Amino acid sequence: MTNSIGIVTGSFPSPSETFVVNLVTGLLDNGVDVRVFALSEGPRETGGPHPAMATHDLAARTFAAPELSSSRLRRLLSVPPIVAANWAHRAALGRVYALMRQGRLAMSARTVQAAGLFLGADVPPLLHCQFGQYGRLVLGLRAAGIVNAKIITHFRGSDISRELRKRGDAVYADLFRDGDFFLTNCEFFKRRLIEIGCPPDRLAVSRSGIDLDVFRPRAPRPVATSPCRLLTVGRLVEKKGTEFAIRAAAELKRDGLDIRLDVIGQGALRDSLERLIAELDGHGYITLHGVRRPTEIRDFLDEADIFMATSVTARNGDQDATVNTVKEAMAVGVPVVASDHGGIPELVEDGVTGRLVPERDVAALAVAARWMIDNAAARETIVGAARARVRADYDNRRIVNGLAALYRRLLDDPGPSSAATDGARILA
């Protein structure tokens, strides 16, 4: 078999999708030849290039589609140059258009853009699509004869929550019928996938791993009281629930604690969160730092006393899986207070590996944080159990080894999907 794998994703590398970078670099370290097909979905978050771009020469392995304008007219005007550049493949582009007319591919400039990207590339025999929408897209391109590859689709969050709310439970029916294998990053989403028709014999959990060499345990430390440093990391979007971390910090401050809250991340809610901080008179102790590089986030973790993960189900249905930043905090040894949401309870077991509270419950968040501050012996037991949980279930090396074995099994199998029944066993 060939040892070449294609990773299909959106913006790459994206600071809010470190799991994709971890997957790519882990596979490269495992001796797998990886090519990344980045179907960019708008501007990347700021924060500078990811260090792996240099350490693993990722730019040379990335085939990126150009940014599409936010203007509908300009997006449409981008189609003729793509068609002209690939005129030698006009028959294949014609098949793409026919599939679009049949409703099997989105009627969009992005679909034509993706077709042009794959037509101009040496496509590996297996494509691992990050997020369900890319699995659907690549399946359509395979039907049009543009790619000739087996397709693994990895469901990770918005694609199995927000997308279903928007398009209905049947949105992936064709993909479930014709895709070769399916992965998801937590048991919570595995159950949901089975509910909407994903074949269980072609579905397995492959968790998003972290680099335990980078997120090594720090020296044991007591929770500080001057000030007690709270930390939350994530995009400033509704489902991350940053508002509730801010409100909980303000409640602790009103109770007389010397508190500082550091918020890492960027997003559409930044202005509204700044206004909230002003309303709560929090500018002296609550700071929005924007995007930070992984090494800088590690520095914040080293100084943090409590990590807050306050994810909620957004109004559009968007939900989180097992959040990578929570794993990183647990691996380093920062006690975690989190909301009972999505896949988070697979990481944070209340009173065992952290404290878990209901979504959007500011008072419960403040009480749990205060409990973590006041109970030193229980806190240290929790920190030790949390580290063990991450080492056992989220070591990126072990996870990537399992994926590499799955790739080999799927590529070595001449049948359409008979190897898929081995998938769960291979990844166990």
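Rings of Phe, Tyr and Trp (its six-membered ring) are paired if their centres lie within 6.5 Å; planes under 30 degrees apart count as stacked, over 60 as edge-to-face and the rest as tilted. The structure is a predicted model, in which local features need pLDDT of at least 70 and side-chain atom pairs pLDDT 80 or more, whereas totals for chains, interfaces and linings use all residues. Residues are numbered from 1 along each chain as its sequence is written, and side-chain values use heavy atoms, with hydrogens and water left out.

**View 1. The aromatic cluster of Phe-155, Tyr-172, Phe-176 and Phe-182**. Phe-155 and Phe-176 form a tilted pair, 6.2 Å centre to centre with 55 degrees between the planes. Phe-155 belongs to strand β5 (residues 150-155) and Phe-176 to helix α9 (residues 173-178), so the pair ties together parts 21 residues apart in sequence. Helices (H or I, at least four residues) and strands (E, at least two) are DSSP runs, numbered from the N terminus. Both Phe-155 and Phe-176 are buried, that is, under 20% relative accessible area (1.4 Å probe, protein chains only).

View 2. Arg-35 is buried, with a relative accessible area of 18%. A polar atom of the Arg-35 side chain lies 2.4 Å from the backbone oxygen of Asp-122. Beyond its neighbours within four places in sequence, Arg-35 is in contact with residues including Ser-4, Ile-7, Arg-61, Phe-63 and Pro-124, where contact means heavy atoms within 4.5 Å.

Definitions and conventions: Buried < 20%, exposed > 50% of the residue type's maximum accessible area, 1.4 Å probe, protein only. Polar contact = N/O pair within 3.5 Å; in protein donor to acceptor, adjacent residues only side chain to side chain.
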